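Good morning, and thank you for coming.

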Amino acid sequence: MSTKFETVPNQNVYVVHREPVGNNFIQINKSNYSKAYRDMSKSPAALGLYIWLVGNQDKFKFAFSPQAIENQLGMARSSCHGAIRRLEELGYLVQRENSNIYDFYEVTGKKIDRKIVESEMLIFDEMPAQCEAPKAKPGEFTF
């Protein structure tokens, strides 16, 4: 059984691709974080968005919302849009051809078989659960 996944206009679907973490006590490989920090040292919003994205499990799929980032991190939507552009420039976020689906990679520079990644169906059965988001104030959009 598959679940229909709906988006609204101007909303993209992100699919998270995680690296195994081994015995590290944090949820990201330290060398991958170090590379990301070097890549984004002049763009704190991009680094913040990277950390937010990398905090999800491998293959986690969700409808991305800059409003959710604003609600959860306090990052202005304009900063979020700039962070998205920077992650794309660096190759951490890769848009699938002719699609509103983006693949997020914990580390760049790896040779990735795009045919295999793009052939993956967006089936939402047995999908890892998302961490609970903070509750929005009355009248605010929640993700």
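In what order do the four strands of the open sheet run? Please bear in mind that this is a predicted model. The order is β2-β1-β4-β3, and the pairing is mixed. At the edges lie β2, residues 61-63, and β3, each of which pairs on one side only. On average, neighbouring strands of this sheet are turned by 25° against each other, with direction ignored.

In our model, β3 and β4 are paired in the antiparallel sense, over three bridges. Within this region, Gln95 stands opposite Tyr102 of β4. The sheet also has a helix packed on it: α2 touches β1, β2 and β4, and the direction of α2 makes about 90° with that of β4.

Let us now turn to helix α4, which covers residues 77-90.

Which residues of α4 are buried? They are Cys80, Ala83, Ile84 and Leu87. Because these residues cover an arc of only 105° around the axis, they lie on the same side of α4. Ser78 and Glu89, on the other side of the helix, are exposed. The buried residues of α4 pack against two strands, β1 and β3, and against the helices α1 (30-40), α2 (44-54) and α3 (66-73). Just after α4 comes Gly91, with a positive phi of about 90°.

That brings me to backbone angles. In general, most residues other than glycine have a negative phi.

Asn10 is not a glycine, yet its phi is positive, near 65°. Asn10 belongs to the segment before β1, which spans residues 13-17. Is Asn10 buried or exposed? Its relative accessibility is 81%, and because exposed means over 50%, Asn10 counts as exposed.

Asn98 likewise has a positive phi, of about 55°, although it is not a glycine. Asn98 is placed in the loop between β3 (93-95) and β4 (101-105). With a relative accessible area of 79%, Asn98 is exposed.

Thank you for your attention.

Key
Residues are numbered from 1 along each chain as its sequence is written. This is a predicted model: local features need pLDDT of at least 70, side-chain atom pairs count only at pLDDT 80 or more; totals for chains, interfaces and linings use all residues. Side-chain values use heavy atoms; hydrogens and water are left out. Buried means under 20% relative accessible area, exposed over 50%, partly exposed in between (1.4 Å probe, protein chains only). The expected span of a helix is 1.5 Å times one less than its number of residues. The arc is that of the directions from the helix axis to the C-beta atoms. Contact means heavy atoms within 4.5 Å. Two strands pair if DSSP finds at least two bridges between them. Axes are lines fitted to C-alpha atoms, for helices over the stretch in contact, and angles run from 0 to 180 degrees between N-to-C directions.
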